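Visitor: Please take a close look at the annotated active site, and describe the surroundings of its residues.

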Amino acid sequence: MIHFDKKNQIFHLSNNKISYVMQIEEGGNLAHIYFGKKITHYSGHYRYPRLDRSFSPNPAGSNDRLFSLDTLMMEFPGNGFGDFREAAYDIQLPNGSHVAHFIYQSHEISQGKPALAGLPQTHGAPQEIETLQIILRDEVAALELVLNYSIFTDTSAIIRSSALKNDGLEPIVIHQLASQSLDFPNRPLDLIQLNGAWAKERQISREPVQTGIKKLDSKRGSSSHQQNPFVILADPATTEFSGECYGVSLLYSGNHETIIEKDPYDQTRLIMGINSYRFAWTVPPQKSFQSPEVVTVYSNQGLNQMSQTYHRFYNSHLIRGQYQLTERPTLINNWEATYFDFDEEKLEQIVDEAKVLGIELFVLDDGWFGARENDLTSLGDWYENKGKLASGLRGFAEKVHQKGLKFGLWLEPEMISEASELYRQHPEWALKVPGRSPALSRSQFVLDFSREDVRKHIFDQLALLFNEVPIDYIKWDMNRNMTDVYSLLLDPTQQGEVFHRYILGLYDFLERLTAAHPTILFEGCSGGGGRFDAGFLYYMPQIWTSDNTDAVARLKIQYGTSLSYPASSMGSHVSAVPNHQTQRITDLAIRGNVAMSGVLGYELDLTTMTDEEKAAIKEQVAFYKKHRQLFQYGTFIRLLSPFVGNDTAWMYVSEDKQEAIVFYFRVLAEASAPLITLKLAGLAADTLYQMGKNKIGGDELMQIGFYIDPALSGDYATQMVHLTAINND
């Protein structure tokens, strides 16, 4: 899959879907040529034209005014030696200079994919992966830059990362080392991004890429509710079903940065990696620094094809362990049913109702530990709140198991309450700047997870808990962002490393924890979807999509999330009405259909529901469990976007195209409304499908479609359509 044309100095990475082409230009500068649909053979004709651009300097040692790095399509650009555009790296050398110019030295092509120590990473069988490592050097600075490229046999994705080694005699400081840079020649492009806020995560924004520089980032210590580490560059005509687009996804859960620059010649550069904001990483002599991976996906058949590539790839080559490609259980969480006000009798009543309704997992949320009766106390004290449960935590968990349900717990291990035993014993373990009073958020501080002693203490507490209580599921939460970022164990010159050291410490902790307890299903959470990123999926195969459980709000949240992340990763619950976040009142039908579009759960008081409501929930649970494989691992197709109108629709198609389920949602009713025709996608054109009482061809359903039921009434209406292939035998 990876070929090097030594004569013409061309690298060509390709499989049956894509090609990625680079060329070593004069002076050893690595230029980008092409990334897109597969080409059988690259002739070399697309070498960057030579022309004199005034005020664009020529490389050192060259008097050729027709060649400048200021305009060349670069593979991993720097700054300070002729390219004035945004750079992929910024390195401070021992003499104070920031000029480092890397030129080609050698390369290595290997089967398989080398492991990245301490970072989330894609994986697969060696025979289905090839990796190219290009070694660039700055001999003056004695630095080696390694660019890693991996390609899988049947996936339209390139996986990239970079590593910098200091071969000098003195330390150097990295202020920026991106994971990838990608240059596009003159062409109009749209930028599609996922931004938002708490309870409004991953909202889709689309805009033309304009001349100048745009930066999307998080400085919050997490990937954040506000800006997801994922973007798309798309042809302006690209839709869900047609056109070219490039998805770029960072496997990282901390501060991130995406820079999009369009230069005066309408060339576009996209750089993604760890945020350079206040980043300063010292690399001693003979040591290296490794950047996180980026997964870049190409599609020439619209956004749906790109998303489906990500879904399949992340399910098969990112998520690991026992829960990779396995069906996730339905659950009931007691949080919105009881908040902190619960006892064993109340919880048992909920468990009893859940069993009757067919729910498989009971999750005990906040309030079971320390002296926790509200959110003012006890984070860090991960031992049982004695007396809260009559049988004790272990006894209650065993009761849940005896009733045929699995048992889960909520945790927030990265945090420490000001009112806690742990803080009284170790106030220095919280992130805080010496001499300053740190900022509180939710009456809690952030534990310094860059410290091994902190991680060991929390790990030991959880080990005692997990060994004592039979636990099947953990909801791992993080309910504030980082302020006062300073680690008392680090030298003042190393404080620019704390954000990243925190994330590396967290990854180390999660690697140990998940390896020690492989049978536990871990679900990530950060105030809902504040850390919904591909890096976290490496450790936890599903993530709580949002604290906002309102079905109407979830249409946009889940639609946006699906651009990159699979349905199997999206925790989605039916909650009570009026909804606790929006106060909206919606029918159980739309709440169920939206929640079934991810990993189905319930978050309400089952004991207060009417018999009619319980019957509806029982029916939802049974239907979901019967079709769970399709909902969690079928091909997900977006049909109508909630970002452009009153109607939303999406569907799931089985791999063999023998079954499909379609969901339609209408937000507001309208008098004398036009009829809605819904055209489907992804079906077998030559197959006949049973749709209710009708038998309809796949080609008809995709080309003509069908009318949404005109009898749907009222606001927040929904319709589900179930299609099954008719056996011609």
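Guide: D547 touches W198, E201, G527, G528 and Q581, leaving out residues up to four places away in sequence; contact means heavy atoms within 4.5 Å. The model is predicted, so local features need pLDDT of at least 70 and side-chain atom pairs count only at pLDDT 80 or more, while totals for chains, interfaces and linings use all residues. Residues are numbered from 1 along each chain as its sequence is written, and side-chain values use heavy atoms, without hydrogens and water.

D547 lies in the loop between β29 (542-544) and α9 (551-561); helices (H or I, at least four residues) and strands (E, at least two) are DSSP runs, numbered from the N terminus. With a relative accessibility of 21%, D547 is partly exposed, whereas D477, at 6%, is buried. Buried means under 20% relative accessible area, exposed over 50%, and partly exposed in between (1.4 Å probe, protein chains only).

An unreviewed UniProt entry lists D477 and D547 under "active site"; such positions follow the numbering used here, feature names are shortened, and annotations may be inferred rather than shown by experiment. The two span 71 residues in sequence, yet no two of their C-alpha atoms are more than 11.2 Å apart, so they gather at one spot.

D477 belongs to the loop between β27 (473-476) and α7 (498-516). Beyond its neighbours within four places in sequence, D477 is in contact with residues including W410, E412, C525 and G527. The side chain of D477 also makes a polar contact with that of W410 (3.0 Å), a polar contact being a pair of N or O atoms within 3.5 Å; within protein, one must be able to donate a hydrogen and the other to accept it, and residues adjacent in sequence count only if both atoms are side-chain atoms.
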